[in-house]
Amino acid sequence: MEQDATGYDSLTIRPLPKWLTDQRDSLNIVRPVKLQMKEDNSLGVSFFITGVIIFLIITILTIYILKKNKNKSL
Amino acid sequence: MKLIFLKIFLGLGALSIMCTTKVSEWVLLNSLPAEYTLVYYHNLPLAESVRKQNTDLSERIKTANIQLREAGKKEAGDPYYALYYGKRLFKTFRTTAEMTDLTTSPLRRKIALELMSGKLCVMLYLTSDNKAKDEKGRKEIESALSGSPFRDVITLIPMSRNSMDESQFVNMLLNVESDLKSIPEPMLFGIFGRFKALEPLVANGITSENVNLLINFLTADCSCLIKDNLPGTDILFTNKWENPAPAMVNGILDANPGLQHL
């Protein structure tokens, strides 16, 4: 008598509906992307470039002033 | 320029409201039921009496989510009607008399009234007429509902799978998944929106835990993931779905903010 069969078990034999397993596993929710910190060298690079620019400006100005004074003394 | 800002502001406002609408409410307000197709297959030119019969039938079912088509088919033999949901064949009929109550029935009208009154869902318990099995499932459902804060907005309706009055409705439910007809076990269908039936919990799958997951699914915020892959099968029904009562679930969630985003 098929009507009296007790062997049917939707949990083990038949898969549960997808909407239910998605709800159980929280797959229906849009999760925000996790932000991860990356190695950041931008501050060091910025200091280096600023230092180089200051050094160049001082050098150029020193040479310019020295040359100007030299011409005046002559 | 100001108009653009206003449009963006209003658009974002609408978007934020949509994302907090619960699944059951969003589906009722926005998701149109899928259409069924009733195809009349015939292998001879249509007689005037048949044309009239089909015109009358078409008129009778026109308010439901179904359309009638006629198709010539050489291998059809005797003419017959075939009911399709998408590409899935649900049932065939030899005569129009067999299609009485195809688009409506007393229980479907009752369920529609419950949905339109703002209820979260109707849990339809399709019993197998095996007392021991049906009782076991019923206890699990009642246990889950009695412990749920949403029990007052859920209606539990039992129906025998051998019901003669609701044979068309039972047939549609047993077509929600391809193997259900061959499973002589109790089944629990969540019905929501505009008569959308979720794939059921079957036999030992009817547990308090799973019934609570069903409630959680319907009370969750309607994410784009759910909207894009809305589960379930729309049941054939005659009804107008305009102006439903406000969803009762919102009152419960407003009074108990801890229940939000389960």
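User: Which domains does the domain assignment of chain B give?

Analyst: The model is a predicted one. For chain B, the assignment places one domain at residues 36-99 and another at residues 105-259. The answer is therefore domain 1 (36-99) and domain 2 (105-259), with bounds that come from an automatic or database assignment.

User: What distance separates the centres of domain 1 and domain 2 of chain B?

Analyst: The centres are taken over C-alpha atoms. On that basis, domain 1 of chain B and domain 2 of chain B have centres separated by 30 Å.

User: How many residues of domain 1 of chain B are in contact with domain 2 of chain B, and which strand gives the largest share of that side?

Analyst: Nine residues of domain 1 of chain B are in contact with eight residues of domain 2 of chain B. By class, the domain 1 side has five nonpolar, two polar and two charged residues. The largest share of this side, three residues, comes from strand 4 (residues 88-93) of chain B.

User: In what order do the four strands of the open sheet in chain B lie, and which are the edge strands?

Analyst: The pairing in this open sheet of chain B is mixed, and the order is 2-1-3-4. Neighbouring strands of the sheet are turned against each other by 25° on average, direction ignored. Pairing on one side only marks the edge strands, namely strand 2 (66-72) and strand 4 of chain B.

User: In what sense do strand 1 and strand 3 of chain B pair, and which residue is the bridge partner of B:Val39?

Analyst: Strand 1 (residues 36-42) and strand 3 (residues 80-85) of chain B are joined over six bridges, in the antiparallel sense. Within strand 3 of chain B, the bridge partner of B:Val39 is B:Ala82.

User: Across which strands does helix 3 of chain B lie, and at what angle to strand 2 of chain B does it run?

Analyst: Helix 3 of chain B spans residues 48-61 and lies across strand 1 and strand 2 of chain B. Relative to strand 2 of chain B, helix 3 runs at about 160°.

User: What share of the contacts in chain B with a separation of 6 or more is between residues 24 or more positions apart?

Analyst: Chain B has nine helices and 10 strands. Of its 262 residues, 35% count as buried. Among contacts with a separation of 6 or more in chain B, the share from residues 24 or more positions apart is 80%.

User: What is the mean pLDDT of chain A?

Analyst: In chain A, 77% of the residues reach a pLDDT of 70 or more. Over residues 1-8 of chain A, the pLDDT is below 50. The mean pLDDT of chain A is 80.

Notes: Residues are numbered from 1 along each chain as its sequence is written. Chains are lettered from A and ligands numbered from 1 in the order in which they are written. This is a predicted model: local features need pLDDT of at least 70, side-chain atom pairs count only at pLDDT 80 or more; totals for chains, interfaces and linings use all residues. Helices (H or I, at least four residues) and strands (E, at least two) are DSSP runs, numbered from the N terminus. A residue is buried if 20 or more other C-beta atoms lie within 10 Å of its own, exposed if 12 or fewer, and partly exposed in between; C-beta atoms are placed from the backbone. Two residues are in contact if their C-beta atoms, placed from the backbone, lie within 7 Å. Ala, Val, Leu, Ile, Met, Phe, Trp, Tyr, Cys and Pro count as nonpolar, Asp, Glu, Lys and Arg as charged, and the others, Gly among them, as polar. pLDDT is the predictor's confidence in each residue, from 0 to 100. Two strands pair if DSSP finds at least two bridges between them. Axes are lines fitted to C-alpha atoms, for helices over the stretch in contact, and angles run from 0 to 180 degrees between N-to-C directions.
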